[in-house]
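Subject: Structure for you to look at

Hello,

Here is the structure I promised. Please open it next to this email and follow along.

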Amino acid sequence: MSAVVFPSKVYAAIRAHGEETYPHECCGALLGKSADGSWQIVESVKAGNTRTDSAHNRYNISPLELVKIEREARSKKLEIAGFYHSHPDHPAQWSQTDFAEAHWLGCCYVITEVATGKAAVTNSFLLTGTSEEDKRFELQTIQVEN
Ligand SMILES: [Zn+2]
């Protein structure tokens, strides 16, 4: 199983973001560095949820926002390590929509269940494969360090 390592501050921040936006989903990006097939997360960037049709179970980062995030990452010599979002009152498991909208091979997709306003389980899934045709999500080990 691959691992993703979070500084405790960043881990707390993405979980708190889900509590802030409850009962709606939050979303954002994770910036970090890759090392031996694992990601070391350095910071998180909040994004506005641009889905207005159903902010409850769908999320999106606008292309413009993504360009800004990529530029920010580059200026800090970091990479986009993945994306995070919350599942208000739903388990921290990826949905078919999450899978369909995941295109960043090698990146982490982190989901936090927010149960009645409180961050509960957080899971990370690595999008593996070589193309859209054979991509799949693999559960990762989350390590939180101080
Ligand atoms: Zn989702």
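Predicted model: local features only at pLDDT ≥ 70, side-chain atom pairs only at ≥ 80, totals over all residues.

**Overall picture**

The protein chain has 3 helices and 8 strands. Along the sequence they follow the pattern β-α-β-β-α-β-α-β-β-β-β. The radius of gyration is 14 Å, close to the 15 Å that the globule rule gives for 146 residues, so the chain is as compact as a globular protein of that length. Its C-alpha atoms fill a box of roughly 40 × 35 × 30 Å along the principal axes. Of the 146 residues, 33% count as buried. Now look at contacts between residues at least 6 apart in sequence: 64% of them join residues at least 24 apart.

**The sheet**

In what order do the strands lie? The 8 strands form an open sheet in the order β7-β6-β5-β4-β2-β3-β1-β8. The pairing is mixed. Two strands stand at the edges: β7 (136–139) and β8 (141–145). Each has a single partner strand, so one side of each is left without a neighbour in the sheet. On average, neighbouring strands are turned by 35° against each other, direction ignored.

Here are some of the pairings:

- β2 and β3 run antiparallel and are joined by 9 bridges. They form a hairpin with 2 residues between them. In the turn, D36 has a positive phi of about 50°.
- β1 (residues 3–7) and β3 run parallel, joined by 2 bridges. V5 stands opposite Q40 in β3.
- β6 (residues 118–128) pairs with β7 in the antiparallel sense, over 4 bridges. T128 has R136 in β7 as its bridge partner.

**The helices**

Start with α1 (residues 8–21). This helix has 14 residues and reaches 20 Å from its first C-alpha to its last. That is close to the 20 Å expected at 1.5 Å a residue. Which residues of α1 are buried? They are Y11, I14, R15, H17 and G18. These residues cover an arc of only 145° around the axis, which puts them on the same side of α1. The face turned away from that buried side carries the exposed residues S8, K9 and E20.

Next is α2 (residues 63–75). The 13 residues of α2 should span 18 Å at 1.5 Å a residue, and the end C-alpha atoms are 18 Å apart, which agrees. Just after α2, K77 takes a positive phi of about 60°.

Please find S38, in strand β3. Leaving out residues up to four places away in sequence, S38 touches S2, A3, V4 and V5. T97 is another matter. S38 and T97 are 59 residues apart in sequence, and their C-alpha atoms are 25 Å apart in space.

Best wishes

Definitions and conventions:
Residues numbered from 1 in each chain as written. Rg over C-alpha atoms; globule rule 2.2 N^0.38 Å. Buried ≥ 20, exposed ≤ 12 C-beta atoms within 10 Å, placed from the backbone. Contact = placed C-beta atoms within 7 Å. Pairing = 2+ DSSP bridges. Axes fitted to C-alpha atoms, helices over the stretch in contact; angles between N-to-C directions. Expected span 1.5 Å × (residues − 1). Arc of directions from axis to C-beta.
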